[in-house]
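Let us read this model feature by feature. Please bring up the sequence and the structure.

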Amino acid sequence: MGFWTALRFLTILPVPFRRETDDVALGKSLTYFPLVGLMLGVILLGLHYGLSVFLPASVVTALVITALVVLTGAHHLDGFMDTCDGITAGKSREERLAIMSDSKVGAFGIAGAVLLILLKYISLSAAPVFASLLLMPTLSRWAMVSAIFTFPYARATGMGSVFKQGANWQRLILSTVVTLLIAIVLLKWWAPALLASLWLIIFIVARYFRSRLGGLVGDVYGAINEISEVLVLLLVIIIGRLS
């Protein structure tokens, strides 16, 4: 149930049940976030190789990024845009949280999304395709689990609070082990360096969000996922140049 719940929450892919997901299942699903990310990576990789037969590389890269947004229901991208609006436009903690709860998207959110997608496109064009498409969604979902566990939740209620309640040491360790094993298969001994670098940068970013909001919220979890995807691509490029 934990895996299917994670798949249902993180993607628009069909799951073999229709019943409502309870809080316990949502908490358990954290363990499987990296596996869902890996599944997304496999789909993107297949799409990349399939489209490459007919289309130029630049078009394929754009379609792969579009597919990732569609497959995730744009939930993480929406959270990133809301976070950009709230962090930059609000003058107080309460005002920032209120702006993030508003369904309207402001100029900062739109500008942030455009720059994010542009950076993701350029980075993916320069990165090794096989490792990048598998590691990008896998490590970014692990980064969300790490942030959920490490930092307090800023609101008293909300979907994110359910995940925060379910984030314990066991689920963090299991998700980390799974992520590390996947990275080792793809990058060998560079894998620990990749995870450590990503964790350090995301820790700094999440601390900044906490300083502005008093904690993290669901939108910030989505923003961390989007930022992590770009960071993974950049780090894979750096590793490729060093190895």
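A: Start with Glu229: at 1% relative accessibility, Glu229 counts as buried. Buried means under 20% relative accessible area, exposed over 50%, and partly exposed in between (1.4 Å probe, protein chains only). This is a predicted model: local features need pLDDT of at least 70, side-chain atom pairs count only at pLDDT 80 or more, and totals for chains, interfaces and linings use all residues. Residues are numbered from 1 along each chain as its sequence is written, and side-chain values use heavy atoms, with hydrogens and water left out.

Q: With which residue does Glu229 form a salt bridge at 2.7 Å?

A: A salt bridge is a side-chain nitrogen of Lys or Arg within 4 Å of a carboxyl oxygen of Asp or Glu. Here the partner is Arg141, with the closest N and O atoms 2.7 Å apart. Glu229 lies in helix α12 and Arg141 in helix α8, so the pair ties together parts that are 88 residues apart in sequence. Helices are DSSP runs (H or I, at least four residues), numbered from the N terminus. Arg141 is buried, as is Glu229.

Q: Which residues are linked with Glu229 in a network of salt bridges?

A: Lys120, Arg141 and Glu226 join Glu229 in the network. Glu229 also bridges to Lys120, the closest N and O atoms being 2.6 Å apart. Lys120 lies in helix α7 and Glu229 in helix α12, so this pair ties together parts 109 residues apart in sequence. The side chains of Lys120 and Glu226 meet at 2.8 Å, N to O. Lys120 is buried, with a relative accessible area of 5%. The whole structure holds four salt bridges.

Q: Where do the buried residues of α7 fall, seen down its axis?

A: The buried residues of α7 are Gly109, Gly112, Ala113, Leu116, Lys120, Ser123 and Leu124. They fall within an arc of 110 degrees, so they line one face of the helix. The arc is that of the directions from the helix axis to the C-beta atoms. The face turned away carries the exposed residues Ala107, Val114, Leu115 and Ala126.

Q: Which helices do the buried residues of α7 pack against?

A: Packing is read from contact, meaning heavy atoms within 4.5 Å. The partners are α4 (57-71), α5 (75-89), α8 and α12 (218-242).

Q: How many residues does the largest nonpolar core have?

A: A nonpolar core is a set of buried Ala, Val, Leu, Ile, Met, Phe, Trp, Tyr and Cys residues joined through side-chain atoms within 4.5 Å. The largest has 75 residues, and Phe33, Leu44 and Leu216 are among those with the most contacts inside it. Helix α8 (residues 129-150) gives the most to this core, with 13 residues.

Methods: Helices (H or I, at least four residues) and strands (E, at least two) are DSSP runs, numbered from the N terminus.
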